[in-house]
Amino acid sequence: MSAARACALSDLVQDEAHRVEIGGVAIAVVLDGNGDVHAIGDVCTHGDISLSDGFVEGETLECWAHGSAFSLKTGRPLNLPAFEPVPVYEVVIDGDDVLIDPSVTKATA
């Protein structure tokens, strides 16, 4: 699969997560306070909860149900109860289009 249009850049609200689905893959798209756009798996690895219903703070997205915060850059959980990372996807901005390929995850260190 190649990159597909996830949403319009103008659809995103700073420091809020926006849920999209591409090819059956749920993705949380976030415009952070620095103006960077991130895309991570939308399902919390602790409790099968939609992360896009959670809270954005800096470069993290916190699950509203149990409080696990995930790095928007690496997908790694920063606190318990989650201990498994969520996938992180490359984002391409083309004009007002946010493009994501859900079949390719970012390599994170």
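What follows is a chat about a predicted model.

Visitor: What does UniProt list for residues 4-100?
Guide: The UniProt record, an unreviewed entry, gives "domain: Rieske" for residues 4-100. Keep in mind that we're looking at a predicted model here.

Visitor: How far apart are the end C-alpha atoms of that span, and how much of it is helix and strand?
Guide: The end C-alpha atoms of residues 4-100 are 5 Å apart. The span is 44% strand and 0% helix.

Visitor: Okay, strands then. How do strand 2 and strand 3 pair?
Guide: They're antiparallel, with six bridges between strand 2 (residues 17-22) and strand 3. One of the pairs is Glu21 with Ala26 in strand 3.

Visitor: What's in the turn of that hairpin?
Guide: Two residues sit between strand 2 and strand 3, and Gly23 in the turn has a positive phi of about 55°.

Visitor: And how many bridges join strand 3 to strand 4?
Guide: Five, and these two strands also run antiparallel. Ile27 stands opposite Gly41 in strand 4, and Ala28 has Ile40 as its bridge partner there. This is a hairpin too, with five residues between the strands, and Gly35 in its turn has a positive phi of about 90°.

Visitor: Where does Ile40 go from there, which residue of strand 8 is it opposite?
Guide: Val88. Strand 4 and strand 8 are joined by two bridges and run antiparallel.

Visitor: Are strands 3 and 4 mostly covered or mostly open?
Guide: Mostly covered. In strand 3 (residues 25-31), six of the seven residues are buried. In strand 4, five of five are.

Visitor: Switching to packing. Which residues have the most contacts inside the largest nonpolar core?
Guide: Val30, Ile40, Cys44, Leu51, Leu61 and Phe70, in a core of 15 residues. Apart from that one lies another core, with 13 residues, including Cys7, Leu12, Ile22 and Tyr89.

Visitor: I see cysteines in there. How many disulfides are there?
Guide: The count is zero.

Visitor: Buried or exposed, Cys44 and Cys7?
Guide: Both count as buried: Cys44 is at 3% relative accessibility, and Cys7 has a relative accessible area of 3% as well.

Visitor: Why call Ser52 buried?
Guide: Because its relative accessibility is 11%, and the cut-off for buried is under 20%.

Visitor: What does the Ser52 side chain pair with, and what else does Ser52 touch?
Guide: The Ser52 side chain makes a polar contact of 2.9 Å with the side chain of Ser50. Not counting residues up to four places away in sequence, Ser52 touches Ala17, His18, Arg19, Ala28 and Asp42.

Visitor: Last one, Ala3. Where is it, and what's it in contact with?
Guide: Ala3 is in the segment before strand 1 (4-8). Leaving aside neighbours within four places in sequence, Ala3 is in contact with Leu99, Ile100 and Asp101. Ala3 is partly exposed, with a relative accessible area of 41%.

Definitions and conventions
Residues numbered from 1 in each chain as written. Predicted model: local features only at pLDDT ≥ 70, side-chain atom pairs only at ≥ 80, totals over all residues. Heavy atoms only, no water. Buried < 20%, exposed > 50% of the residue type's maximum accessible area, 1.4 Å probe, protein only. Polar contact = N/O pair within 3.5 Å; in protein donor to acceptor, adjacent residues only side chain to side chain. Contact = heavy atoms within 4.5 Å. UniProt positions renumbered as here; feature names shortened; annotations may be inferred. Helix = DSSP H or I, 4+ residues; strand = E, 2+ residues; numbered from the N terminus. Core = buried A, V, L, I, M, F, W, Y, C linked by side-chain atoms within 4.5 Å. Pairing = 2+ DSSP bridges. Disulfide = S-S within 2.5 Å.
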